[in-house]
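Welcome, and thanks for taking a look at this one with us. Here is a short report on a ligand site and on one strand.

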Amino acid sequence: MRNNQKYNFFGFAILLGLIAGSGSSVCLAAQTETEDLTNIDNWPQIESPFPHDSQTEDYITKIINTMSLKEKVGQMIIVELPFINAEDLAKFPIGAVLNGGDSSPGGYKNTPLAEWVSLADKFHDIVKTRDGAYIPLLWGTDAVHGQNKIIGATIFPHNIGLGATHNPPLIRKIGVATAQEVIVSGQNWVFAPTLAVAQNYSWGRTYESYSSDPAIVEKIAPEIVKGLQGEIGVDFLSDRHVIATAKHFVGDGGTTDGRDQGNTSINEETLVKTHAAGYEPAIQAGVQTIMASYSSWNGVKMHENHYLIADVLKGRMGFDGFVVGDWNGHAQVPGCSKSSCPQAINAGVDMLMVTEPWKELYFNTIKQVENGEIHLERVDDAVRRILRVKYRAGLFNQPHPSLRPGGGDPSILGNMANRSLARQAVRQSLVLLKNQDDVLPIPANSRVLVVGKGANDIGMQSGGWTLTWQGGIDRNESFPKGESILQGLQRAIEASGGKVSFSENGDFTERPDYVVMVFGETPYAEMKGDINTLSFSQLNGQPLELLKKLKSASLPIISVFLSGRPLWVTPEMIHSDAFVAAWLPGTEGAGVADVLVRKPNGEINFDFEGRLSFPWPDSPEASELSKPLFPLDYGLRYQHEPTADKRLPKEN
Ligand code: GLC
């Protein structure tokens with residue numbers, strides 16, 4: 001029996017008991033049972049930051065009153081690009097489209113900017129001229145670390161690195177920059193921020209989480225929302241901002257064994273205190289959309305959880321934007337399919353995200369309203385919410401996407417201001433975990449051998465959700481405005497008369513003063529990144545072999561570790577003199593050299609500022625995180641008494 005059904009069942013039993021008067025045993029049992037299950041008082045009670053605005057609501061009412069059922073259902077469906085063309089959009093009153101991680105105009109990778117913008121303009125015209133009331137189109141995209149689908153855009157560090165900066169104002173600026181570059185390519189809605197509070201690093205989406213500490217996510221959430229959307233009463237949803245999405249509601253980062261889209265089996269208190277921590281501040285900051293999670297809570301799929309979506313999120317927490325389903329997420333609800341899911345709509349999901357069977361979904365949903373499976377009031381509520389967001393975003397009066405500020409302007413993509421912001425974020429995200437005998441920072445005029453697969457690969461240093469869903473298939477040529485970690489080191493060292501040589505597999509002829517080894521995880525996204533061990537050398541043993549080989553030559557080795565999560569790398573650390581957690585820094589790899597290399601005059605250029613926002617494992621077992629090697633907040637500094645590796649076991 002599903003959670004919300006139990007809730008309703010026992011609620012009914014209580015009612016019966018009360019009516020019967022003598023049903024004390026039933027009532028008592030039911031009462032206890034219900035208390036075990038859910039209690040809405042566990043959730044924060046929020047006044048919406050938007051007082052009722054009769055002008056907005058009247059405007060929407062007027063439109064709704066002219067809409068046919070078909071037009072209403074069309075607003076409740078978002079279709080992925082490859083499955084809908086111009087003719088479809090002219091014929092069917094679909095209200096939103098998205099490009100998923102692997103889709104883009106023309107359907108091929110690395111679609112040029114001009115094609116993105118011209119399609120957005122074309123869709124704008126079609127929607128403007130098709131039958132029925134004009135309701136502007138939403139185009140959503142996963143700009144989760146910059147406008148990461150477009151060549152030349154600034155790719156910021158992924159959230160796990162931003163969490164390590166402990167700098168919410170910086171993250172807000174990144175939101176502003178991201179919105180600016182998303183508008184260039186013609187979109188008006190981003191499926192970000194992820195507010196997951198990842199608890200198990202086996203999860204392939206750990207890097208999309210800012211922290212395992214809800215207090216950190218709570219501080220960052222409002223800032224990234226204000227960066228993307230603007231600030232209520234100041235520049236909220238101006239023509240330089242985009243609609244944001246808090247995702248994935250709720251408990252996505254708490255599934256058993258970190259299985260992506262799995263079951264989060266915890267009590268309600270933990271769900272609220274840990275996994276929902278970012279939603280209250282995000283709602284108070286005015287986030288306009290929230291995406292339902294694929295995951296389940298105690299066996300009930302979030303996409304069908306009426307209690308959490310309708311009663312808690314929209315009722316108790318006062319969320320008055322709209323809830324969008326995840327990509328075919330409704331199809332995972334028992335009894336549903338991609339083309340039919342009244343359960344999700346009845347639970348409070350306002351817009352279903354769907355791929356190829358969108359026409360079936362459209363016609364099935366219309367039928368389900370006509371036959372009473374879905375009440376018209378629910379449809380009108382969903383449509384009102386969707387139109388409210390479109391109205392607040394000013395879309396009804398917006399010109400063609402190419403005429404928005406910066407629309408179609410390639411000079412804005414990867415502009416110097418945004419790249420230097422990204423480079424600052426890289427610097428502040430780096431966490432120094434080991435610095436034996438203060439081997440770092442490196443004198444600028446040194447002879448440095450740079451080795452490892454991650455040294456000269458902007459695709460690898462950017463991670464998943466970069467140009468493609470899984471990332472990593474693009475090398476440097478797809479990032480014309482980026483710099484690899486190697487290129488950053490070359491620039492810093494050779495400008496001061498030093499010498500940098502590069503050998504992916506560590507070969508050298510002339511003995512260097514230092515070795516910088518850049519290695520780590522090859523990019524992944526979502527379930528493709530789920531693992532069963534945190535032992536990096538078990539996942540990829542090569543770097544450890546290379547470290548051992550270089551160590552045998554008694555060379556001072558600085559390891560720079562690229563990863564979407566903390567992993568058990570004690571063996572690799574033991575064979576390194578210094579060890580830096582670099583996370584997934586994005587296009588501005590030069591930020592690494594900024595910190596690793598001294599100024600030409602020998603002074604420290606930039607000190608480390610990063611501090612762990614996830615405890616670092618001392619075991620290959622994800623379940624052993626209670627005794628971390630390095631705790632939350634750990635991070636060494638140059639300005640620091642000489643560091644002894646108190647925490648690392650000595651080389652065996
Ligand atoms: C994906 C992800 C979600 C993303 C959506 C659209 O499956 O779960 O985070 O926004 O689909 O790409």
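## The ligand and its polar contacts

How far does a polar side-chain atom of Tyr294 lie from an oxygen atom of the ligand? The distance is 3.2 Å, which falls under polar contacts (pairs of N or O atoms within 3.5 Å). For Glu526, a polar side-chain atom is 3.1 Å from a ligand oxygen, and a side-chain N or O atom of His248 is 2.7 Å from one. The protein covers 97% of the 310 Å² of accessible area that the ligand has on its own (Shrake-Rupley method, 1.4 Å probe).

A note on the model: it is predicted, so local features need pLDDT of at least 70 and side-chain atom pairs pLDDT 80 or more, while totals for chains, interfaces and linings use all residues. Residues are numbered from 1 along each chain as its sequence is written, and side-chain values use heavy atoms, without hydrogens or water.

## The shell

Around the ligand are 14 residues, each with a heavy atom within 4 Å; Asp142, Arg205, Lys247, His248 and Asp326 are the closest. The shell divides into seven nonpolar, two polar and five charged residues, with Asp, Glu, Lys and Arg counted as charged.

## Strand E16

Now to E16, residues 557–562 (strands are DSSP runs of at least two residues). Six of its six residues are buried, that is, under 20% relative accessible area with a 1.4 Å probe. Ile557, Ser559 and Phe561 point one way, and Ile558, Val560 and Leu562 the other.

E16 runs parallel to E15 (514–520), joined by six bridges, with Val518 partnering Val560. E16 also pairs in parallel with E17 (578–583) over five bridges, and Ser559 stands opposite Phe579 there. Pairing here takes at least two DSSP bridges.

Note on methods: Polar contact = N/O pair within 3.5 Å; in protein donor to acceptor, adjacent residues only side chain to side chain. Buried < 20%, exposed > 50% of the residue type's maximum accessible area, 1.4 Å probe, protein only. Helix = DSSP H or I, 4+ residues; strand = E, 2+ residues; numbered from the N terminus.
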